[in-house]
Amino acid sequence: MHCFLSDSYRDHNPKYEYFRGEKVPCFESVERLDNIVKALQARGHKIVSPDHDATGVIHTLHDPVYVRFLETAWQQWLALDPANEALQPFPSVWPTRTLRDDVVPDNFIAKLGLYSMDNGTPLAQGTWRAAKSGADAAVSAAQYLLNGNGSVFSASRPPGHHAGRDFMGGYCFLNNAALGAQTLLDQGMKKVVILDIDYHHGNGTQSLFYDRDDVLFISLHGDPKTEFPFYLGHGDEVGEGKGKGYNINYPMPAGTNFDQWLQCLEQALENIQSFQPEALVISLGLDTFVGDPISKFTIQSDDFFQVGHRLASLRLPTAFIMEGGYATEALGTNVVNVLEGFEQG
Ligand code: Q9C
Ligand code: ZN
């Protein structure tokens, strides 16, 4: 499959995150994408650099004030104290209910809380560069479909589906899949689907399109009653206004196996067929894998061929956009199994 690889993904290289109160090495690591690239090369897939600039569509979908914050966050952090170079900023306070989110504080950590949904999204020196080039890859993938091609993979990192109009979270800063879908619409398509098969609900993507009928968003994920992002992704979230009926969630309990997961996928494929879209954007998370260290489904590496195969049955121009997946060793194999399952389908 034709693949766009974000040039600067190695520039987002935070050293640690917090997990159960302790500093641990980041699950969302540079090595994840290194391994995907290795597997793509070993199995003969063509990898190219992004050839489109996402700036325009970034400013359509994301709040320009939030974008400006991301661009300058590391400088703001260093301006507090040059010794911060060796540290990472984390938010520690948030404008939850009854507090105001319409006045941007001067305090940097308070600003970070305003623009974050969690304290689990480490920010480092090259984060903006990497996020921007990941978005460029997703937009390039969309353009590749618009040129008449049938399928494409965007190897973007950091991931995107938890990021909303004006917030980061869940390792995400810019919503790559949403930017790809919006590009398809901006260039003349009338209806596109985003199907999110990451283990975690794509709260950012859902929120970006919740009141719209030109993007059908469907997500298969761990039940938010027990799984991140906890506060969105329930079955009764069906869209609002003219977007009513164009948001579909399939939450599944921890422990869900491939047969059970596939039953939800089959329902999603029927939803997609009824919508009659012109293209399909897949938020491709591989954290549904049995060996994933932070997730609780039991899908095996070989099952991912069948996932790709079933997606191909829709016969739609399809852009795969990389999301999560933290079993680093198996990640390359799992990604390429989906892509090759699709190509053989
Ligand atoms: N520190 C994606 O898969 N944190 N994001 C889990 C481990 C949130 C996952 C706790 C997981 C976010 C794109
Ligand atoms: Zn995930």
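This is a predicted model: local features need pLDDT of at least 70, side-chain atom pairs count only at pLDDT 80 or more; totals for chains, interfaces and linings use all residues.
Local features were taken at pLDDT of at least 70 and side-chain atom pairs at pLDDT 80 or more, whereas totals for chains, interfaces and linings use all residues. Residues are numbered from 1 along each chain as its sequence is written, and side-chain values use heavy atoms, without hydrogens and water.

Helices H9 (residues 303-312) and H10 (residues 328-344) have axes that come within 6 Å and cross at roughly 40°; helices are DSSP runs of H or I with at least four residues, and axes are lines fitted to C-alpha atoms over the stretch in contact, with angles from 0 to 180 degrees between N-to-C directions. H9 and H10 are therefore oblique to each other, a class left after angles under 35 degrees (roughly parallel), over 145 (roughly antiparallel) and 65 to 115 (roughly perpendicular) are set aside. The contact (heavy atoms within 4.5 Å) involves Phe-304, Phe-305, Gly-308, His-309, Leu-311 and Ala-312 of H9 and, from H10, Asn-334, Asn-337, Val-338, Glu-340, Gly-341, Phe-342 and Gln-344.

The zinc ion (ligand 2) is coordinated at 1.9 to 2.8 Å by Asp-198 (OD), Asp-198 (OD), His-200 (ND1) and Asp-287 (OD); donors are N, O and S atoms within 2.8 Å of the metal (3.2 Å for Na, K and Ca). Asp-198 and His-200 are buried.

Conventions:
Chains are lettered from A and ligands numbered from 1 in the order in which they are written. Helices (H or I, at least four residues) and strands (E, at least two) are DSSP runs, numbered from the N terminus. Buried means under 20% relative accessible area, exposed over 50%, partly exposed in between (1.4 Å probe, protein chains only).
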